[in-house]
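Could you walk me through this structure piece by piece?

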Amino acid sequence: MPLVIPAYAKINLCLDVLGRRDDGYHEVEMVMQSISLHDLLELSLSEEQENNNMGKIILTVAGADLPVGEENLVFRTARILQEYTGCRLGCSILLHKKIPVAAGLAGGSADAAAALLGLNKLWNLDLTVAELYALAAKIGSDVPFCIKGGTVLAKGRGEQLAFLEAAPDMGIILVKPAYGISTGEVYSKLNSAVYPQVINTMQKKDITNDTNDIHNMLCLSDLGPPVLRMIKAIKSRQLPAVCKALYNILEEPAMKMHPNLLDIKNILFEQGAMGVLMSGSGSTIFGITPDLEAAHLLSKGLSPSLGSIYAVKLQGAREV
Ligand SMILES: C[C@@](CO)(OP(=O)(O)O)[C@H](O)COP(=O)(O)OP(=O)(O)OC[C@H]1O[C@@H](n2ccc(N)nc2=O)[C@H](O)[C@@H]1O
Ligand SMILES: Nc1ncnc2c1ncn2[C@@H]1O[C@H](COP(=O)(O)OP(=O)(O)O)[C@@H](O)[C@H]1O
């Protein structure tokens, strides 16, 4: 029997950029939220070997046209785990893709996190949660969040996490236009005049994801107004307050690249969404409804010409 691990997509309820960093990334403050839309990874042991006696990594993808070698984050994760642990076992992974690609929903990152969790079990690696987080951060900025998911404050380049209380229940409607957007391109189009100072990452305290640091980050740090507003709104458990606090600084550059994103936003508002925002670097626009049923209802009023449409609910954090 293969080991089956779900890989949940995310939306960003709030995404603020504080500055440019000297390592090519941007310093961010985000409130991230897992949603029920997910890929599935089916993992089994493989006896096959490479020429160098390393176990072969065999990846098959169903549901999307994605590479199955080093360019796929799942393959790369398996290779990184072999290198880090010296494990010589191989694996066969079947990735069922449901999360649209280059959509701002962290599909690749979710798959990488699921591969980390799955291979840790399949290969009996006994890696600690701290080791999993450190490896996740090497693979991509959003991968650490995808390990547990839930409702999370993320800082740094996205890898420093503080777990928040669950967001109030809501339905989510996702509209993913036919085109995807490159994350790097949207960040590069942010107006650099707004961020004249480059942040020296060597001087930054290296915050790990252990509970004490997470506590410190929430209590002590001076969070910017957009994430503070969202955290307060979540605490109030009032959905209208959450909708009012939705914020994504990447919307403007993404909408300059693709003006029809604004049309989608307006259509979702017209159809009765309580709040609407672009997720991450796009291209998905999400709308908030009181519950899943209302999201399904709203989806019926949307033209399929807008793109792929999904009605989903929130997903809580998983036990790791
Ligand atoms: C925008 C966000 C919001 O959650 O998500 P997506 O829209 O991609 O899902 C993230 O910041 C994306 O995280 P992720 O997709 O893991 O990015 P990475 O692979 O680490 O980086 C891709 C590229 O994006 C840019 N990048 C990424 C993160 C960051 N904090 N600053 C950046 O400038 C860099 O140019 C980097 O080369
Ligand atoms: N397992 C994977 N699933 C999706 N995309 C992947 C995967 N592995 C590598 N990629 C590449 O990662 C890029 C970003 O994809 P994705 O993670 O879906 O988007 P986003 O960063 O917008 O959330 C795509 O160009 C895609 O080719």
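Helix H11 (residues 292-300) lies across E7, E11 and E12 and runs at about 35° to E7. Helices here are DSSP runs of type H or I with at least four residues, strands are E runs of at least two, and both are numbered from the N terminus. For the angles, axes are lines fitted to C-alpha atoms, for helices over the stretch in contact, and the angle between N-to-C directions runs from 0 to 180 degrees. This is a predicted model, in which local features need pLDDT of at least 70 and side-chain atom pairs count only at pLDDT 80 or more, while totals for chains, interfaces and linings use all residues. Residues are numbered from 1 along each chain as its sequence is written, with chains lettered from A and ligands numbered from 1 in the order in which they are written.

Now look at the sheet itself. Four strands form an open sheet in the order E10-E11-E7-E12, with antiparallel pairing. Strand E10 (275-278) and strand E12 (308-313) are the edge strands, each pairing on one side only. Two strands pair if DSSP finds at least two bridges between them. On average, neighbouring strands of this sheet are turned by 20° against each other, direction ignored. E10 and strand E11 (residues 285-289) run antiparallel and are joined by four bridges. You can find Met-278 opposite Ile-285 in E11. Helix H10 (residues 260-270) also packs on the sheet, where it touches strand E7 (171-176), E10 and E11, and its direction makes about 10° with that of E11. In general, strands of a sheet pair through backbone hydrogen bonds, either parallel or antiparallel.

Let us step back to the whole chain. It has 11 helices and 12 strands. Its radius of gyration, taken over C-alpha atoms, is 19 Å, close to the 20 Å that the globule rule (2.2 Å times the number of residues to the power 0.38) gives for 320 residues, so the chain is as compact as a globular protein of that length.

The chain is divided into domain 1 (3-163) and domain 2 (171-313), with bounds that come from an automatic or database domain assignment. Their C-alpha centres lie 21 Å apart. Where they meet, 37 residues of domain 1 are in contact with 47 residues of domain 2; contact means that the C-beta atoms of two residues, placed from the backbone, lie within 7 Å. On the side of domain 1 that touches domain 2, the largest share, 11 residues, comes from E1. The residues of this side divide into 22 nonpolar, seven polar and eight charged. In this count, Ala, Val, Leu, Ile, Met, Phe, Trp, Tyr, Cys and Pro are nonpolar, Asp, Glu, Lys and Arg are charged, and the others, Gly among them, are polar.

Finally, turn to the ligands. Around ligand 1 there are 20 residues, and the closest are Gly-140, Ser-141, Asp-142, Gly-280 and Ser-281; a residue is near a molecule if its C-beta atom, placed from the backbone, lies within 6 Å of it. Both domain 1 and domain 2 give residues to this shell, so ligand 1 lies between them. Ligand 2 has 18 residues around it, with Leu-73, Val-101, Gly-107, Gly-108 and Asp-111 coming nearest. Helix H1 (73-85) and helix H2 (107-122) are the elements that give two or more residues to the shell around ligand 2, and H2 gives the most, with four. Ligand 2 also lies between the domains, because both give residues to its shell.
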